[in-house]
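Here's a quick write-up to read with the model open on your screen. Have a look at the overall fold, then at one bit of sheet.

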Amino acid sequence: MTSTDSQPFLSIKDLKVHFSTEDGVVKAVDGLSFDLVRGKTLGIVGESGSGKSVTNLTILGLHNPDNTKVEGSIELDGEELNGASEKTLEKLRGNKMAMIFQDALASLSPYHTIGTQIGEVYRKHTGASKQEARARAIEMLRRVGIPQPDSRVDNYPHEFSGGMRQRAMIAMALVCDPELLIADEPTTALDVTVQAQIMDLLKDLQQEFGTAIIFITHDLGVIADIADDVLVMYGGRCVERGTKSEVLRTPQHPYTYGLLGSMPSLEGPLDVPLNPIPGSPPSLLNPPSGCRFHPRCAFADKVEGGRCAKERPLLEIVDGRGNACHLTEEQRREFLDTAARAH
Amino acid sequence: MSSTTPLLDVSGLTKHFPIKGGFPIRRTVGAVQAVDGLDFQVAEGESLGLVGESGCGKSTTGRLITRLLEPTAGKISYRGQDITHADRKGLAPIRSEIQMIFQDPYASLNPRHTVGKIISGPMEINGINPEGGREKRVRELLEIVGLNPEHFNRFPHEFSGGQRQRIGVARALALNPKLIVADEPVSALDVSIQAQVVNLLQKVQKELGIAFVFIAHDLAIVRHFSQRVAVMYLGKIVEIADREDLYENPRHPYTRALLSAVPEATVDAEPRERIRLTGDVPSPINPPSGCRFRTRCWKATEKCATEAPPLVQVEGNKPGHLTACHYPETEATIPAPRLSKDPEAAA
C-alpha cells in the first residue's frame, strides 16, 4: 500500500445518525468518533441496538436518505463521504470499501450463479469482459478456500453450505482488493469449527493485502481472536476504546467490565453463579439521560451529585485509550478491584 | 444413577425423517437420519447438557424426549415406564412432568394472550386447580422467575426478550415438572441478558430439584449449567462424561476440536491449542460409513470407514466417561493440524 500507513485511513468524527419514525426520533448513533489505519482490525462490540451496524451501513452510505439524518464527518482516505453523491459512493462501494454481512443466504441472489455475482462487482469497477470476470471469480473462490473453484463457480447459492456461502461472500467483497472491509457479524450464524476457519481466512487475507477491517460482533471471544483495537458501544455511543489487551485485560468502563464478568468461560471456576448486568439495553427512542448505562450501572450511586443521570460523560482518548465514565481513576480502581476480588 | 431407576432412560433412540419423491406415486426415497441410536440417562435433579453444531440432532432429541416427535426406533423410559409410543391418554399424566423451554422468546408466546393466561395455560389444559386458585399460583411463579406479579394482565409485546424468556420459564414451572427440556434457552438473548436467564435456570434447578436436558451450542454455557455433558455429531453421541472430565480430558477428536475452536475472551492465558477442522459437517441424508466424523478427522484410517466405533468407556476414561472412537485422544497422540498463521502462537 502507500507510505501513509500511520495516517488514519478511515476517520469518523462526531457521527450522529438519527432516524425519524412514527414514534419519534431514534438516535441510533449519537456522537461517535474513531480512526482506523491500514492493515489493522478494529473490533466493534455491542449488544443489539447499540448502533454498531448502523454506523457501518452509514459509512457505506447504505442508509435510507429519506428518513435518516446523518451529521458529522466520515473521511475515507482523505475523502469526505457524508453528503457525497450517490455516484461517488457507488464508485467506492465494492471497490475501495466492501462489506460482509451476517446472513450469507439472504445477501446472495438465489437466481444468479456465485460466479456471476462475484464477477458483476469486478466488471462494474474495472470494465472487464465476461471471460475476465469469470476467471477472476474462479481465482477469488480458490483464494478463499473453496474446493474445485472451476466447477463451483457455476453453482447457485443454495448448492453451497453455510460456511461456503460465507466464503463466497468474502470472495465477492474482496474481488476488487478493497482497502476497507467491514464485516458485520460475519461468523455469528456459523458453527464454531467453521467460524474458526472463516476468521483464520480473514486474518490471512489481511496479512496478504493490508486491508483495514472493521469487525462487528457481540462476542468478546471473537474480538480476542481477531481484533487489534476494540471499541465498545452502548446505546449509540462509544463507552470504551483501547487495544484488545487493554480492553480485555483491564476494562475501565463498568459496562465492559460487566460484559466480561457475565460470560461463562471454558476454564473458570464451576458452580459459581454468573454476574449478570441487571436490566435490559435502553430504548433509543427515549434513551436514559446522562450516561446511557447509568440505570444498569452498579457504580452510578458512587458518583457525587447524581452526575451519571444528568451529565453525559465525555470520551477522552489518550493514545488510543479511553472511556466515557464519571468515575474517577481512584474510584474505578477501588470498585473494579473489589468486584474482581469478590468474583 | 445405577442403583435406582433413572428419571429418564433413553436407549437406541432413532429418528429418521422420510424424504418423499417420485411421480406419480410419491414414495419414500431416502431419510434424513437426524438421530441415530442414542443411549443416555438423566438422573433426578441432574442436568445433562447436549452440545453439538447445527444439524447434529440435538433439538430433534429434545423433541423426541418430550414426545413432540414420534421415534422411529429405540426406547424412552420415564421413571421405568415405557413412553416410546405411548398414546395421548398414556402420555397425559407424564406430560405435566416433562416441560419444555424454547429458544425464541418471541415465537413461543401467544401474542394475543396475557401473561396470566399464558402461564396458567398448562394448568387449564391439565385441569389442575391449585390451592388458592390459578391466579395466585401464577403470581407466585412470576415472583420465582423475577418478574413483577402485577404484570399478570400484560401482553408479551410489553416485555423485553429476557423478560419473555422468564415468562417461558414460568410457564414450564407451572405444573411442578420433574424434567425440563431447554432447547437453546439463551442463544436468542443479548450477552448481558444471557447470564440473567442462566442464573434463573440454575436457581430453579437447585431449589426445585428439577432435572434438565439443556440443549445448546455454546460450550461455555453448557459447562456452566450441566453436571454431565453429551457431545453430538451427525445424530450420534460421540462422547459423554461429567463436565470436568469432558472439558479437561476430551477423548474424542471431535470434542477436542470443538473445544479448541471456541474463541475465549482472554488475552492473558497462553494461546490454547487450536485445531483446524477442514470442511463442513456432511449431510445427514447420506452420512459417512463407519465413524461419522472420519471425513473431517485427522486420524481416520480404514477401520474408521468400515466399523462404527461403539460408545464405551475407553482405556484411561473415568467411570461414566464414554467415548465413541477407535483411536481416542491421549497425551502422546498424533499432533492435530494447527491453525496455519496464528500470530499469537508464533510470537
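Of chain A's 343 residues, 48% come out as buried, meaning that 20 or more other C-beta atoms, placed from the backbone, lie within 10 Å of the residue's own. Bear in mind that this is a predicted model, where local features need pLDDT of at least 70, side-chain atom pairs count only at pLDDT 80 or more, and totals for chains, interfaces and linings use all residues. Residues are numbered from 1 along each chain as its sequence is written, while chains are lettered from A and ligands numbered from 1 in the order in which they are written.

Along the principal axes, chain A's C-alpha atoms fill a box of roughly 70 × 50 × 45 Å. The chain has 13 helices and 11 strands, which are DSSP runs numbered from the N terminus (helices: H or I, at least four residues; strands: E, at least two).

| Strands | Sense | Bridges |
|---|---|---|
| β1(B) (residues 8-21) and β4(B) (residues 73-78) | antiparallel | 5 bridges |
| β4(B) and β5(B) (residues 81-82) | antiparallel | 2 bridges |

V10(B) sits opposite I76(B) of β4(B), and Y78(B) has Q81(B) in β5(B) as its bridge partner. The β4(B)–β5(B) hairpin has 2 residues between its strands, and R79(B) takes a positive phi near 50° there.

Key. Two strands pair if DSSP finds at least two bridges between them. A residue is buried if 20 or more other C-beta atoms lie within 10 Å of its own, exposed if 12 or fewer, and partly exposed in between; C-beta atoms are placed from the backbone.
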